[in-house]
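Here's a friendly walk through a protein for someone meeting it for the very first time. Have the sequence and the 3D view ready, and let's go.

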Amino acid sequence: MANRSRRIRQQKTLFETVPIKLASNPNRIIAHLDMDAFFASVEERDRPYLSGRPIVVGSDPNGGKGRGVVSTANYLARKYGIRSAVPISQAWQLAKEAKKRGEPEVIFLSTNFRAYETTSERVSGLTLATLIKNGAPDGGRIIESAGIDEMYLDLSFARSYAKAQKIALEIKAVIKKCEKLTCSIGLGPNKLIAKIASDFQKPDGLTIVRFDKAEKFIEQLPLRSIPGIGPKMVSTFEKLGLKNVSNAKSLTIDELTKSFGRFGRELFGRLRGVDLRPIEIPLPAKSIGQHETLTEDTNELGQLLPRIEEMAEKICRRLKTGGFTKFRTAILTVRFSDFATKTRSKTYSEAISSRSELENWAIKTLLRFLDKRENKFGQAIRLIGLRIEHLE
Ligand code: TTP
Ligand code: MG
């Protein structure tokens, strides 16, 4: 035992990568899902007459005098050099040149965020449903939204890359079938590797990089493709004579910290394919909540009432054992059988302590989800959750 701890201490000082690598969990499997040419794909899907044409979504090109930028271009328009953040006037010019060469004309469209947001919500619902169907813990920290068209998934519950791959393929198939959209997924031991992998074989790709291959995978990439390394950092590396990931690994943590401040330590790990960031679900600080997936989807009040009563009771008990007496905000979450999830909250002007008040509000709010007010199609409920915040 003594020998072993001396050996680890020695390695720690001799070889700085060891403590960082030891901290990684080899059983973690993380996926990053990113929709392909998202805004443009939604437009193409919703207007079938655009199918197969180069599409640019962004601000008004105004005959080449427009001042905004391109939000995104589909893959056909990208062939003309048009992509996100390119000035719309330049995109117009590139489109004009393509047309002169006799290539298909580019269609310019303005953004329609509502359509992208609702599509994004449905994609998240379909993904969550597929995960739960495959044995993921319902209500667990398994999905982190990372933007309108991307999310991280914790597939560690799959226990093997083979199973995780099967789940990823199923998610892709479900999204394709239900939303008529493609996405690309990366699987890896952490968020960093998964994110890079999802971009590796776009569109409609699936790239798997296992724990033991992560460092080699990162090594062959240009520095710019490591998330967190922007053009400014690349030029700092270049000034130090370091052109790629493999060169950059020659720097110690201290040297990286000197050049890049506090991010240096994180960077030391990233250059080695190590990333300890957890899947994060933005949870309100200092809150107490309960949720329950019902044994059977239902919209019968008689089945739901006891659940609410029980949750209110447990929450108020935990409020007291947590050293609080009152709360100001109550939140009810309802997940329907199609996985659409809705939340309603109430903030009291003065903090309250009453369990029956919490219960009454929750039941009154739940009733809205059982009739036409909040449930037009009479869907059954799959999960209910109750939470209190602003504890005093
Ligand atoms: P991305 O996922 O970066 O791009 P994308 O989905 O269009 O294409 P890819 O297949 O390469 O993933 O961004 C998602 C959406 O966010 C994109 O469709 C439009 C929007 N967006 C902007 O509005 N401006 C930008 O600069 C970028 C990068 C994206
Ligand atoms: Mg995308």
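## A walk through the core

Let's begin at L131: setting aside neighbours within four places in sequence, L131 is in contact with A136, I142, I143, L153, L155, F157, I167 and I171. Keep in mind as you look around that this is a predicted model.

Why start there? Well, the largest nonpolar core has 40 residues, and L131, L155 and I185 are the ones that touch the most other members. Quite a few elements give two or more residues to this core: the strands β1 (30–35), β2 (55–58), β4 (107–109), β6 (150–154) and β7 (183–188), along with the helices α3, α6 and α7 (161–179). Which element gives the most to this core? That would be α6, with 7 residues. As a bit of background, nonpolar side chains in soluble globular proteins tend to be buried together.

Apart from this core lies another one, made of 27 residues, and I308, C316, V334 and I384 are among them.

Now let's stay with helix α6, which covers residues 113–133 and holds T127. Is T127 buried or exposed? T127 has a relative accessible area of 0%, so it counts as buried. Its side chain reaches the backbone oxygen of V123 at 2.7 Å. As for who else is around, leaving out residues up to four places away in sequence, T127 touches L33, I143, M151, L153, I171 and I175. Two of those names, I143 and I171, also turn up in the list of contacts for L131.

Next, the rings. Searching the whole structure turns up 9 aromatic pairs. Take F39 and Y116: their ring centres are 4.1 Å apart and their planes sit at 10°, so this pair is stacked. It also links distant parts of the chain, because F39 belongs to helix α3 (residues 38–46) and Y116 to helix α6, 77 residues apart. How exposed are these two? F39 has a relative accessible area of 12%, under the 20% cut-off, so F39 is buried. Y116 is buried as well, at 0% relative accessibility. And the story goes on from this pair: ring pairs link F38, F39, F113 and Y116 into a cluster.

The charged end of R78 is over the ring of Y75, 4.2 Å from its centre. Further on, R272 has its charged end over the ring of F268, 3.8 Å from the centre of that ring.

Key. Residues numbered from 1 in each chain as written. Chains lettered and ligands numbered in written order. Predicted model: local features only at pLDDT ≥ 70, side-chain atom pairs only at ≥ 80, totals over all residues. Heavy atoms only, no water. Helix = DSSP H or I, 4+ residues; strand = E, 2+ residues; numbered from the N terminus. Buried < 20%, exposed > 50% of the residue type's maximum accessible area, 1.4 Å probe, protein only. Polar contact = N/O pair within 3.5 Å; in protein donor to acceptor, adjacent residues only side chain to side chain. Contact = heavy atoms within 4.5 Å. Phe/Tyr/Trp six-rings, centres within 6.5 Å; stacked < 30°, edge-to-face > 60°. Lys NZ or Arg CZ within 6 Å of the ring centre and 35° of its normal. Core = buried A, V, L, I, M, F, W, Y, C linked by side-chain atoms within 4.5 Å.
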